[in-house]
Amino acid sequence: MKFQGSDNYVATQDLMLAVNAAITLKRPLLVKGEPGTGKTMLAEEVAQSLGLPLLQWHIKSTTKAQQGLYEYDAVSRLRDSQLKDLDGGERVSDINNYIVKGVLWQAFTADQPVALLIDEIDKADIEFPNDLLREIDRMEFYCYETRELIRAKHRPVVFITSNNEKELPDAFLRRCFFHYIKFPDAETMKHIVGVHFPGLKQELLAAAMKTFYDVRNLPGLKKKPSTSELLDWLKLLVAEDIPLEALQSKDDKVAVPPLVGALLKNEQDVTLFEKLVFMQRNNR
C-alpha cells in the first residue's frame, strides 16, 4: 500500500515519503502547514488513491475526545422510558439503542481498512490529544455502558492536521510521524495551478504568479495569501476576463492587483499594501 500521488493533488517527493513512512510504521501522520496548503485534501486524495473509505472528524473548540469514541444518549433513553407503554419497553431495555458511535468506533469496527482524518486537532482543548493517546496507540477502547472492549479489526490509516494554533503534547507527538508542508515554490505552484486550470495562458499565469509572490513576500502582512486563495483569484481573473495588462506594471514596482480581496483578507494588510504602492510611486 504505497501512495504515489494523484492526478488531482500535486504531492512533493518528501510528502509522498512521509505518507508511506506513516503507513509502514503504522502511526498517525501529523501534518502541519499554513492554512490553505492542502492538508485536509491530502487525506482525501490518499484515501482515494489507495481505494480506502474516508471517515472525517472535523474538530471544533467544543469537541471532546469522547465524541470520537461514542456518546451515551441518556436523555433519549429517559424520554423513551416515559413512553415505554407504546412499544412495550423493548427499545429502552437495550442500551445499545442509545449508544451513538463516533468516528473511531466506526473506523475500528469497519470490515475493511479505512482512512481516518482528524482535522485541525489544535482547535480543541489542550487535553484533547492526551485523551486520545491510548486509543490511537493501542487501537482499542472500552465502552463502559455496554461493557465491551472495542478493538480495531484493521488498523486505519490516520491523518491528523494542525494549523499550529496550539502546541501539541510531547507524548502525543511521540506517537505520530510528523511532516510539515512547506509553502510551494514557484515551480511547484505552477504544477498545482496546472491541475486546476489546464488551459490557462502562460503569459497570464506568469504575470499572476509574479503578483501573487510580490504580495505574499510583503513584510508585515498579518495573513499571507495561501495556495487556495491564489486559485480563487485565478478563477476570478478568468471569469471576469481581466486583461493581461492589468496585472503588469511598466516597471518592477508592486501595483495593486485587480480583485485584491481574493488575496488579502483584512483591512490592515490592504492598507499596508496600498501604502507600499503609494511610497513607491512617490519615489520614482
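Which backbone nitrogen does the side chain of Thr63 reach? In this predicted model, where local features need pLDDT of at least 70 and side-chain atom pairs count only at pLDDT 80 or more, totals for chains, interfaces and linings use all residues. Residues are numbered from 1 along each chain as its sequence is written, and side-chain values use heavy atoms, with hydrogens and water left out.

Back to Thr63: its side chain reaches the backbone nitrogen of Lys60, at 2.8 Å. Thr63 sits in the loop between strand E2 and helix H3 (65-69); helices (H or I, at least four residues) and strands (E, at least two) are DSSP runs, numbered from the N terminus. With 7% relative accessibility, Thr63 counts as buried, a label that means under 20% relative accessible area, while exposed means over 50% and partly exposed is in between (1.4 Å probe, protein chains only). Setting aside neighbours within four places in sequence, Thr63 is in contact with Trp57, His58, Ala124 and Phe128, contact being heavy atoms within 4.5 Å.

Now for the whole protein. It has 13 helices and 9 strands, and 44% of its 284 residues are buried. Its C-alpha atoms fill a box of roughly 85 × 45 × 35 Å, taken along the principal axes. The radius of gyration is 24 Å, whereas a compact globule of 284 residues would have one near 19 Å; this radius is taken over C-alpha atoms, and the globule rule is 2.2 Å times the number of residues to the power 0.38. Of the contacts with a separation of 6 or more, 74% are between residues 24 or more positions apart.

Asp119 belongs to strand E5 (residues 115-119). Asp119 is buried yet has no salt bridge, and the nearest side chain of opposite charge, Lys39, is 7.0 Å away. For charge, Lys and Arg count as positive and Asp and Glu as negative; His and the chain ends are not counted. A salt bridge needs a side-chain nitrogen of Lys or Arg within 4 Å of a carboxyl oxygen of Asp or Glu. What Asp119 does have is a polar contact of 2.9 Å with the side chain of Thr40, plus another of 3.1 Å with the side chain of His58. A polar contact is a pair of N or O atoms within 3.5 Å; within protein, one must be able to donate a hydrogen and the other to accept it, and residues adjacent in sequence count only if both atoms are side-chain atoms.

Helix H2 (residues 39-50) has 12 residues, which at 1.5 Å a residue should span 16 Å; its end C-alpha atoms are 17 Å apart, which agrees. The expected span is 1.5 Å times one less than the number of residues in the helix. Among the buried residues of H2 are Lys39, Leu42, Val46 and Leu50, and the cover over its buried residues includes helix H1 (13-25), strand E1 (29-33), strand E2 (54-58) and E5. After H2 comes Gly51, with a positive phi near 70 degrees.

Following H12 is Asp241, which has a positive phi of about 55 degrees although it is not a glycine. Asp241 lies in the loop between H12 and helix H13 (267-282) and, at 65% relative accessibility, counts as exposed.

The structure holds 10 salt bridges. One of them involves Glu229 and Lys223, whose side chains meet at 2.8 Å, N to O. Glu229 is buried, with a relative accessible area of 7%, while Lys223 is partly exposed at 32%. Salt bridges that share partners also join Arg134, Glu140 and Arg151 into one network. In helix H11, Lys210 and Asp214 are 4 residues apart, about one turn of the helix, and their salt bridge has its closest N and O atoms 2.9 Å apart.
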